[in-house]
Amino acid sequence: MLGRLVVISFLLFSLAIEVQLEKLEEPECGFFDEVQMVAPEAIPSEHQWVVRIVVVDKGALDNTCLGVLVSKRTVLAPAHCFVKFNRDAKAFSVHLGVHNKSAPVGVPFCFSNGYCVRPAQEIRLSEVAVHPEFDPKTLQNNLAVLTLQQDAKLGQNVMPICMPPPQLANETLKKIASQTFVVAGLSYWKDLKQKTWVTTHSRSFCQSRNNKLLTGSNTLCGYHTRAEGFYYGAPLVGMQVKGHVTQNYYLVGFQIDIKWDNKRMLASFLAIRNYLDFIHKNSDSLIVRP
């Protein structure tokens, strides 16, 4: 009985948000809805900026890295997905709007009750701009800006995330600990897109819990509320508030490392605050909600 209620709730969430999004002539960025936020599982029309990256490594396709869509033609992702120690990995394409990682791209994914999710898009890459100070040994400055060969088709399951206004970008590193964000992405263990909350801690605390966790002056770290093992690159987002009303999600960073601390998942995220100039120089049409 409980399982049926969860499925019914999931469908109501999805259908309500799809109708809402269809009314928008041109979805902008960072779509937020309180009904979605409290749902225990990610739904297709939620966190639509999650991107699956496809690279060619030693002749084989690898799609275990994620990125974040920040405009119709721009995706941010970890540089180590493209630059390996032997530097033979090559960029290939991205998949947009993936809800079920096992479903074929370009084919609608349907649940057993008949509700279908729009097909994921595949778009080839035209350029990969790796941060000039990226170190493949230490993974410092682990950032790449990807340019797509054509515009993404925005809609119910594909939308860019808003870039942070300057004051919010500064706050993410000034106040490192005790902030709450959301991380969403594809999981190592589950087929469907997942999400969870992250409460940040000081870098010294995270290092004391697991000294192998990748941290640095440009990172945030914290525990996943749920023990989800997201692929690297899973976007970390905050909520932009006006008065007492949440307006939209905005980008804080993306996951670059995860480690276990007993039965809890401890994660490290590259914060984009100090990389905004590099991102703007290699991007177009980024959206900032004032």
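Modeller: Buried means under 20% relative accessible area, exposed means over 50%, and partly exposed lies in between (1.4 Å probe, protein chains only). This is a predicted model, in which local features need pLDDT of at least 70 and side-chain atom pairs count only at pLDDT 80 or more, whereas totals for chains, interfaces and linings use all residues. Residues are numbered from 1 along each chain as its sequence is written, and side-chain values use heavy atoms, with hydrogens and water left out.

Colleague: Is Asp261 buried or exposed?

Modeller: Asp261 counts as buried, at 7% relative accessibility.

Colleague: With which residue does Asp261 form a salt bridge?

Modeller: The partner is Arg209, with the closest N and O atoms 2.9 Å apart. A salt bridge is a side-chain nitrogen of Lys or Arg within 4 Å of a carboxyl oxygen of Asp or Glu. This pair links distant parts of the chain, 52 residues apart: Asp261 is in strand E13 (residues 245-261) and Arg209 in helix H4 (residues 203-209). Helices (H or I, at least four residues) and strands (E, at least two) are DSSP runs, numbered from the N terminus. Arg209 is partly exposed, at a relative accessible area of 38%.

Colleague: How many salt bridges are there in the whole structure?

Modeller: The search finds eight. One of them joins the side chains of Arg289 and Glu28 (4.0 Å, N to O). Arg289 lies in the segment after helix H5 (276-281) and Glu28 in the loop between helix H1 (2-22) and helix H2 (34-38), so the pair ties together parts 261 residues apart in sequence. Arg289 is partly exposed at 25%, and Glu28 is partly exposed at 45%.

Colleague: And what does Lys195 pair with?

Modeller: Lys195 forms a salt bridge with Glu46, and their closest N and O atoms are 2.7 Å apart. Lys195 is buried, with a relative accessible area of 7%, and Glu46 is buried as well, at 1%.

Colleague: Let us change topic. Which residues touch the most other members of the largest nonpolar core?

Modeller: They are Ile53, Leu76, Phe82, Val94, Leu146 and Ile279, in a core of 46 residues. A nonpolar core is a set of buried Ala, Val, Leu, Ile, Met, Phe, Trp, Tyr and Cys residues joined through side-chain atoms within 4.5 Å. Among the elements that each supply at least two residues of this core are strand E2 (60-71), strand E7 (121-130) and H5.

Colleague: What does the second core include?

Modeller: This separate core of 26 residues includes Ala120, Leu168, Leu186 and Leu220.
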